Amino acid sequence: MSDTFPRASRFAKGYDVEQVESFLGRARVAYEENGRGPAMTSWHVRTVGFDLVRGGYDVDAVDAALDRIEDAFARREKQRGEERSGSAAWQTQLRTQEASLRAQLARPDGERFPRGSGMELTYDVDAVDNLCRRIEEAFSMGQPLPPDAVRLAVFKSRRGSRGYREASVDAFLDRVVELLVVQTV
């Protein structure tokens, strides 16, 4: 098997090489088959996960490639959406998605997402709220953030009710990235 990406050192963890290669192969076929082959969307690319193993592929290199692949699928989805519904209807759909996101963004700081419980790992409330304010401001100005501003966001960990539940924040930010990608491609 060739090395598509640089490898992490033998003492550091990276993405499992076989899993990455397998996914890239499926993505290539899905993209080249142009809808006639296996179904794959930008969402599948955005949400794929790989095991971390010693000496695997460099995480940053794979993630950067996945972002480019996601953008390619999103461009195709946008094109198909406009062809199917017309450009005006597609734009209306995007505005509806944005309005749905803005409703959650408009919630007060500290109340945008459910809080964790017990000793569960959670995201720092202030950091998440800061990003949400940036997203809301960008939407209000009609100049969405680059998708990487959300994709690459990292939050300090907290425990329990001192932070927002990770799954809730991740699901919301996934929807934000989905919208930002189709708005910017």
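In which hand does α1 pass α3? The crossing of α1 past α3 is left-handed, a term applied if the near helix is turned anticlockwise from the far one by less than a right angle, with right-handed used if clockwise. The structure is a predicted model, in which local features need pLDDT of at least 70 and side-chain atom pairs count only at pLDDT 80 or more, whereas totals for chains, interfaces and linings use all residues. Residues are numbered from 1 along each chain as its sequence is written, and side-chain values use heavy atoms, with hydrogens and water left out.

The protein chain contains seven helices and five strands, assigned as DSSP runs (H or I, at least four residues, for helices; E, at least two, for strands) and numbered from the N terminus. Along the sequence these elements follow the pattern β-α-α-β-α-α-β-α-α-β-β-α, and the C-alpha atoms of the protein chain fill a box of roughly 50 × 50 × 25 Å, taken along the principal axes.

Helix α1 (residues 17-32) and helix α3 (residues 59-85) have axes that come within 12 Å and cross at roughly 20 degrees; axes here are lines fitted to C-alpha atoms, for helices over the stretch in contact, and angles run from 0 to 180 degrees between N-to-C directions. That angle makes α1 roughly parallel to α3, given that angles under 35 degrees count as roughly parallel, over 145 as roughly antiparallel, 65 to 115 as roughly perpendicular and the rest as oblique. On the α1 side, Val20, Phe23, Leu24, Ala27, Ala30 and Tyr31 meet Val62, Leu66, Ile69, Ala72, Phe73 and Arg76 of α3, where contact means heavy atoms within 4.5 Å. The residues of this contact comprise 11 nonpolar, no polar and one charged; Ala, Val, Leu, Ile, Met, Phe, Trp, Tyr, Cys and Pro count as nonpolar, Asp, Glu, Lys and Arg as charged, and the others, Gly among them, as polar.

Helix α3 also packs with helix α4 (residues 87-105), at an angle of about 120 degrees and with the axes 6 Å apart, which makes α3 oblique to α4. This crossing is right-handed, and the contact joins Glu77, Lys78, Gly81, Glu82 and Ser85 of α3 to Ser87, Ala89, Trp90 and Gln91 of α4. Its residues divide into two nonpolar, four polar and three charged.

Helix α5 (residues 125-141) packs with α7 at an angle of about 30 degrees, their axes lying 13 Å apart, and α5 is therefore roughly parallel to α7. The crossing of α5 and α7 is left-handed. Val128, Leu131, Ile135 and Phe139 of α5 meet Val169, Leu173, Val176, Leu179, Leu180 and Gln183 of α7, a contact with nine nonpolar residues, one polar and no charged.

The largest pocket holds about 710 Å³ of space. A pocket, on a 1 Å grid over the protein atoms alone, is an open set of points where a 1.4 Å probe fits, with protein on both sides within 12 Å along at least five of seven lines, and lining residues have an atom within 4 Å of a point. Of the 22 residues lining the largest pocket, Arg46, Asp63, Val150, Arg151 and Leu152 are the closest to its centre. At least two lining residues each come from α2 (42-47), α3, α6 (147-151) and α7 (166-184), and the lining has 13 nonpolar, two polar and seven charged residues.

Technical notes. Points joined across faces, edges and corners; volume = space filled by probe spheres on them.
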